[in-house]
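Welcome to this tour! Open your viewer, get ready to select a few things, and follow along.

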Amino acid sequence: MRSTQTDIERVAADARRAVEDAIWAPSVHNTQPWRFGVAGTRITLRADPDRRLGVADPRGREMLISCGAALYTLRVALRSLGHDPVVHLLPDPDRPQLLADVDLRPGEPADEAVEREHAQVRRRHSHRGGFLAAPESGVLTGLRHAAEREGARLVQAVDVHVKGALAALTDAAEHVQRRTPAYATEIARWAPAPGTSRKDGVQQDAYPRRTPLTAPHFPARDFARGRGWGVEAAEDDTALTGLVVLLVSKGDTPADWVKSGQALQRVLLRAAAHDLSAAYHTQALQVPDLREFIRAQFCGDAYPQLLLRLGVANGEKLTSVRRPVEEVLTEEPS
Ligand SMILES: Cc1cc2nc3c(=O)[nH]c(=O)nc-3n(C[C@H](O)[C@H](O)[C@H](O)COP(=O)(O)O)c2cc1C
């Protein structure tokens with residue numbers, strides 16, 4: 001059957017709407033290291049290496065995890081619009097920045113599960129601080145399945161000593177990064193001062209001024225760098241660590257990183273549907289010796305990609321910014 005001009009225009013409009021959602025994915029330091037192209041019924045996703053963290057992420061692992069999270073969001077958005085997105089991951093070995101070709105096929109109208117997930121895309125926000133409550137038992141099973149459906153695994157740290165060790169390693173990495181000028185300069189580049197007009201980076205409305213101590217305590221990133229920036233925290237003496245989980249993958253290749261990113265976002269959207277938020281502590285995974293130690297001690301034969309705490313947040317209004325879609329989207333006339 002031939003496509004009419006109306007069909008073509010509808011697909012182009014839907015592709016744009018889906019990209020408008022995809023950019024709300026989480027990304028390391030809110031670097032938003034992605035570029036999208038739309039041509040006919042194909043959407044391409046490319047990594048933007050100018051936005052890679054050269055010091056903390058020289059191999060681009062976290063850049064590709066971030067892009068994977070955007071790819072999963074794109075898929076959900078397309079399904080909510082009644083398309084069936086067919087993804088070809090890393091389709092061209094000669095073009096490593098080309099992460100995915102997504103072909104739009106006609107799909108079913110979105111069901112309730114897709115709608116529920118899609119509704120979380122702009123509701124979800126990273127949390128930075130303690131939690132009021134841990135997730136109810138039972139929710140974790142669903143989150144585990146979400147990760148597995150995308151080819152990764154969620155491993156909960158249950159043992160008090162494992163949690164203690166992961167918190168201590170995070171603390172060690174945070175100290176190492178604060179005392180190393182190159183890391184500190186890089187954080188400063190991605191944590192602009194209040195009043196900035198930038199639409200990327202971790203800005204002062206995205207983190208609390210003070211974080212209550214939890215036990216064990218996982219230190220937050222030093223986005224404010226001692227300048228007193230951040231949102232005034234709600235009075236909160238019930239701050240809990242929440243559930244501590246590692247997202248792990250079987251291998252440690254670019255394909256594993258993109259899949260881990262998709263798994264991350266699938267877990268986060270599902271968690272958000274249960275009113276759960278995630279706090280990230282990836283400091284130790286950015287220090288190669290510490291990442292290797294975590295892998296050998298706590299991950300069996302898998303590779304750690306993210307360290308998260310999950311729980312019910314205290315309702316603080318933390319927000320994040322995004323670049324306008326025009327900056328990341330190229331639309332080719334079909
Ligand atoms: C791979 C990756 C690593 C991250 N590491 C941290 C981290 O160590 N500390 C932190 O506070 N947030 C971390 N984040 C969260 C980002 O800072 C956050 O997604 C971004 O600022 C956008 O904000 P939003 O998630 O609220 O939309 C990470 C996100 C990703 C995808």
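Begin with the ligand and helix H2 (residues 61-80), which gives 3 residues, the largest share of the shell around the ligand. Helices here are DSSP runs of H or I with at least four residues, and strands are runs of E with at least two, numbered from the N terminus.

Before going on, a word on the model: it is predicted, so local features need pLDDT of at least 70 and side-chain atom pairs count only at pLDDT 80 or more, while totals for chains, interfaces and linings use all residues. Residues are numbered from 1 along each chain as its sequence is written, and side-chain values use heavy atoms, leaving out hydrogens and water.

Next, select everything around the ligand: 20 residues surround it, and the closest are Ser 126, Arg 128, Arg 221, Thr 282 and Arg 322.

Now colour domain 1 (5-124 + 326-332) and domain 2 (139-311). Why does the ligand lie between them? Both domains give residues to the shell around the ligand, so it lies between them. The domain bounds come from an automatic or database assignment.

Zoom in on the polar contacts, pairs of N or O atoms within 3.5 Å. Arg 124 has a polar side-chain atom 2.9 Å from an oxygen atom of the ligand, and a polar side-chain atom of Arg 221 also lies 2.9 Å from a ligand oxygen. At Tyr 280, select the backbone: a polar atom there is 3.3 Å from a nitrogen atom of the ligand.

Last stop: Pro 216, in the loop between helix H6 (181-190) and strand S6 (243-249). A cis peptide bond joins Ala 215 to Pro 216, with omega about -5 degrees. Most peptide bonds are trans.

Terms used
A residue is near a molecule or strand if one of its heavy atoms lies within 4 Å of it. A polar contact is a pair of N or O atoms within 3.5 Å; within protein, one must be able to donate a hydrogen and the other to accept it, and residues adjacent in sequence count only if both atoms are side-chain atoms.
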